[in-house]
2 protein chains.
Amino acid sequence: MYLAQIHITLKPGVLDPQGTAVYKALQALDFTGVEDVRIGKYMEVRLSAADRAVAEMQVAEMCRRLLANPVIENYAFQVVEG
Amino acid sequence: MYLAQIHITLKPGVLDPQGTAVYKALQALDFTGVEDVRIGKYMEVRLSAADRAVAEMQVAEMCRRLLANPVIENYAFQVVEG
């Protein structure tokens with residue numbers, strides 16, 4: 001069994017209204033040192049596969065086909081045993 | 001300048017309808033090896049602080065006061081320079 005830890009983030013330059021809202025809320029709470037907030041997704045996918053290379057190939061395909069929107073998002077992942 | 005990389009995940013046992021939807025979509029796409037999907041948030045907060053210990057203290061407070069819902073979510077973060 002493998003665990004894929006997947007990060008999906010907005011590409012640089014893509015507007016992040018959720019991040020802006022959190023930034024303003026942090027300012028309102030007096031966290032004045034905060035300069036920028038970007039918000040993405042974190043997914044944990046548990047899967048069975050013949051070996052780690054196969055699992056990594058499958059996770060890359062999941063990201064391309066479903067999990068990330070390649071127009072506006074980047075993805076990165078690591079696959080660990082467990 | 002410091003960069004806080006924050007992971008916010010649902011506590012074990014908390015229902016994750018978004019994860020269930022993704023799980024079903026992956027099954028429909030023939031990723032039959034997938035056994036479980038959990039979806040959380042990933043935030044990057046860029047902040048200035050006197051040193052890393054101060055930055056870490058501030059990020060922990062942000063998580064407690066705004067970023068995570070401690071009833072149903074766990075948070076974890078690391079603070080790096082940059």
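1. Contact here means heavy atoms within 4.5 Å. Helices (H or I, at least four residues) and strands (E, at least two) are DSSP runs, numbered from the N terminus.

2. This is a predicted model: local features need pLDDT of at least 70, side-chain atom pairs count only at pLDDT 80 or more, and totals for chains, interfaces and linings use all residues. Residues are numbered from 1 along each chain as its sequence is written, chains are lettered from A in the order in which they are written, and side-chain values use heavy atoms, without hydrogens and water.

3. Start with the symmetry. Chain A superposes on chain B by a rotation of 180° with 0.0 Å of shift along the axis, RMSD 0.0 Å (least squares on the C-alpha atoms of residues with pLDDT of at least 70 in both). The two copies are thus related as by a two-fold rotation axis. K41(A) is the residue of chain A that comes closest to this axis, at 2.2 Å (C-alpha).

4. Helix α1 of chain A covers residues 17-28. Its 12 residues reach 17 Å from first C-alpha to last, close to the 16 Å expected at 1.5 Å a residue (1.5 Å times one less than the number of residues).

5. Which residues of α1(A) are buried? They are G19(A), V22(A) and L26(A) (buried is under 20% relative accessible area, exposed over 50%, with a 1.4 Å probe and protein chains only). They lie on the same side of α1(A), because their arc around the axis is only 65° (taken from the directions from the helix axis to the C-beta atoms). The cover over them includes β2 (34-47) of chain A and α2 (52-67) of chain B.

6. Exposed P17(A), K24(A) and A28(A) sit on the face of α1(A) turned away from its buried side. After α1(A) comes D30(A), with a positive phi near 75°.
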